[in-house]
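Here are some questions about a protein model, taken from its overall form down to single side chains. Each answer ends on the value or name asked for.

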Amino acid sequence: MSVPGSSAVLRVLWLLSVFGTVLPLDGGMLFPRESTSREVKELNGLWDFRPDGSLNRNEGFEKAWYKRRLAETGPVIEMPVPASYNDITQDPTLRDFIGWVWYEREVFVPARWISDEGTRVVLRVGSAHYYSIVWVNGEKVTEHEGGHLPFEAEISSLIRRDPTKPCRITIAVNNTLTLETLPPGTIQYMNDRTRYPDGFFVQNIYFDFFNYAGIHRPVLLYTTPTVYVDDIIVETNFMDNTGLVRYKVSVQGAATATLKVTLMDKDGHCVASSNTPSGVLKVVDVKLWWPYLMHENPGYLYSMEVRQHACRQGSTSTYEDVYTLPVGIRTVNVTKTQFLINNKPFYFHGVNKHEDSDIRGKGLDWPLIVKDFNLIKWLGANSFRTSHYPYAEEILQMCDRHGIVVIDECPGVGIKDIRSFGNASLSHHLVVMDELVRRDKNHPSVVMWSVANEPASEMPPAEFYFKTLIKHTKALDHTRPVTYITDSNYARDKGAPFVDVVCVNSYFSWYHDPGHLEVIPIQLNAQFENWYGKYKKPIIQSEYGADALPGLHMDPPMMFTEEYQNALLQSYHDVFDQKRKQYVIGELIWNFADFMTAQAIHRVVGNKKGIFTRQRQPKAAAFILRRRYWRLANETWRLPPWTKYPCSL
């Protein structure tokens, strides 16, 4: 992790010597849920905030801002959490700020949490971009490298030292990207003082979305007993009408514990139980987890209640912990030509998305999440890909409940420089996949892992890099296929031999041969034939599309008009209809909605490839896609009346 400035490397070494290196966590990462033994206190709201505007971005460490209230060390402003900080103020320097920013909030911890020594208190940050250091009452409790994924620390002993004082939480966040981060980037210093002011630098990025920063997901305090359920691993299968749930429960804080595992249906009836920390639960007359539009009861979830009793070592006190995990019973398999869910062919007709909206940037926003799910189901889409990073776990929980299938992608976007294929980058990438799989392993909606998007996979180091990365991911989770997103250059791709599904992005008649729609049938057909001919693996068209400015019309169609976007999509769809009868197993439009990017001469206030505007209003292409997706669902699964199929389409 680097800090902007001429002596960035020295500062990195200093930070590592002071705070220690970042290592992957040993324990689990269960989503915080309230129960009879657990409580959750949200710390969302307004925090004190200050960017470190010093030339070296290091004043906060040099003057130890974390040792006292942030307001006592200089001016602060109010900043909402969760939210990106970039679009909150009218200050253009904050919108494009690179370096350390500081957040702080004082909270009162419930007295019973402090007085009960049998209670663990954990501080959890849902995600922050990209490097974070956390202090409680001036003492460092954790640090984390990378955005998009949660991190946490137990703070019980710290808050009990002086229970009369509020708990002061300080979080420093740095959004600097280097060639060894995910995503990668570089800092470029402009030293010509006839053209640039003193200390001027820019963050170069290799991805096409805005580099939003800040604390993007909820900050929580939650409790567990000191002997607690640390992790649960679930794998599911079925034979005939019997569901099989293989599970493993990990308990921390005691050498031995008594467990009661109960699997309940939606009505709360027990369908299977066990008293062992691992085993297989058999469910008679199982209700499988099915994707949206594939079954009359999609997204069916059982509840696995884990109830643990134990004595802490050296204590006579008994501790009970209760944790309930939603469980969807389903299988995923891949053949040379098909993607199978519950042994039936599944065709991805869905979207690519971004966590992106006005004002809050990438901050978690429930009204937006619910609106997006309503639009996805209105479209007749059954799937999406978390382009180009892991989305909030709250979104995956919605997918579980609604039956929306997910390709879960890590932040490996923009790996373009050969130096980003080195050992340090690979080591970090492996840790990120550890964290991603640990967080999302139990979500039935997640059917495939994506380890990167459009890397420079033709470079010689890519073969070892992706072979290692994909092998590691399969070792973490053998129940799901692994892919990465490539482009149409099949001949020089070094990583494709190791994936289970080929995911291809192509923008014929847009970035290539712009304006010439007539080339799409030829080039898209050749793309599919080349990829399948070489690798004999099923193919998903993981991106395709064209920018369209809402309300811009022209006939004959021209680029950036809604007519051109429609015509381009239709040309792709004609080829999809030929190939989906053979080995093409999906199509994901780029993009669900317009989104913000860095300022550039080829972007007019963001990327306009959405079929919805950034404010979630439909362009003409949304209706093209809606007619297609409902038709695909009807042709593939012969939808009965329960689907509310829009016959008027």
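Q: At what distance does the polar contact join the side chains of Asp 477 and Arg 480?
A: In this predicted model, Asp 477 is found in the loop between helix H9 (461-476) and strand E29 (482-486). Its side chain and that of Arg 480 are joined by a polar contact of 2.8 Å.

Q: Is Asp 477 buried or exposed?
A: Residues under 20% relative accessible area count as buried. Asp 477 has 7% relative accessibility, so the residue counts as buried.

Q: Which residues is Asp 477 in contact with, leaving aside its neighbours within four places in sequence?
A: The polar contact with Arg 480 falls within that excluded stretch of sequence. Beyond it, Asp 477 is in contact with Val 437 and Trp 449.

Q: Which side chain makes a polar contact with the side chain of Asp 547?
A: Asp 547 has its place in the loop between strand E31 (539-543) and helix H11 (562-579). Its side chain reaches the backbone nitrogen of Lys 608 at 2.8 Å. A side-chain partner is also present, at 2.6 Å: Lys 609.

Q: What is the relative accessible area of Asp 547?
A: Apart from residues up to four places away in sequence, Asp 547 touches several residues, among them Trp 510, Phe 560 and Arg 603. The residue is buried, and its relative accessible area is 2%.

Q: Over the ring of which residue does the charged end of Lys 609 sit?
A: The side chain of Lys 609 makes a polar contact with that of Asp 547. The charged end of Lys 609 also sits 5.6 Å from the centre of a ring, that of Tyr 507.

Q: How far from the ring centre of Trp 65 does Arg 50 lie?
A: Trp 65 belongs to a cluster linked by ring pairs, which also includes Phe 61, Tyr 66 and Trp 100. Arg 50 lies over the face of Trp 65, and its distance from the ring centre is 4.4 Å.

Q: How is the ring pair of Trp 590 and Phe 595 classed?
A: The structure holds 37 aromatic pairs. In the pair of Trp 590 and Phe 595, the ring centres are 5.7 Å apart and the planes stand at 90°, so the class is edge-to-face.

Q: How far apart in space are the C-alpha atoms of Leu 179 and Ile 418?
A: Leu 179 lies in the loop between strand E10 (167-174) and strand E11 (185-189), and is buried at a relative accessible area of 14%. Its contacts beyond four places in sequence include Asp 417 and Arg 419. Leu 179 and Ile 418 are 239 residues apart in sequence, but their C-alpha separation in space is 9.1 Å.

Q: What is the radius of gyration of the protein?
A: The protein has twelve helices and 32 strands. For 649 residues the globule rule gives 26 Å, and the protein comes close to that value, so it is as compact as a globular protein of that length; its radius of gyration is 25 Å.

Q: What percentage of the residues in the protein are buried?
A: The C-alpha atoms fill a box of roughly 75 × 70 × 45 Å along the principal axes. Among the 649 residues, the buried share is 59%.

How values were computed. Residues numbered from 1 in each chain as written. Predicted model: local features only at pLDDT ≥ 70, side-chain atom pairs only at ≥ 80, totals over all residues. Heavy atoms only, no water. Phe/Tyr/Trp six-rings, centres within 6.5 Å; stacked < 30°, edge-to-face > 60°. Lys NZ or Arg CZ within 6 Å of the ring centre and 35° of its normal. Helix = DSSP H or I, 4+ residues; strand = E, 2+ residues; numbered from the N terminus. Buried < 20%, exposed > 50% of the residue type's maximum accessible area, 1.4 Å probe, protein only. Polar contact = N/O pair within 3.5 Å; in protein donor to acceptor, adjacent residues only side chain to side chain. Contact = heavy atoms within 4.5 Å. Rg over C-alpha atoms; globule rule 2.2 N^0.38 Å.
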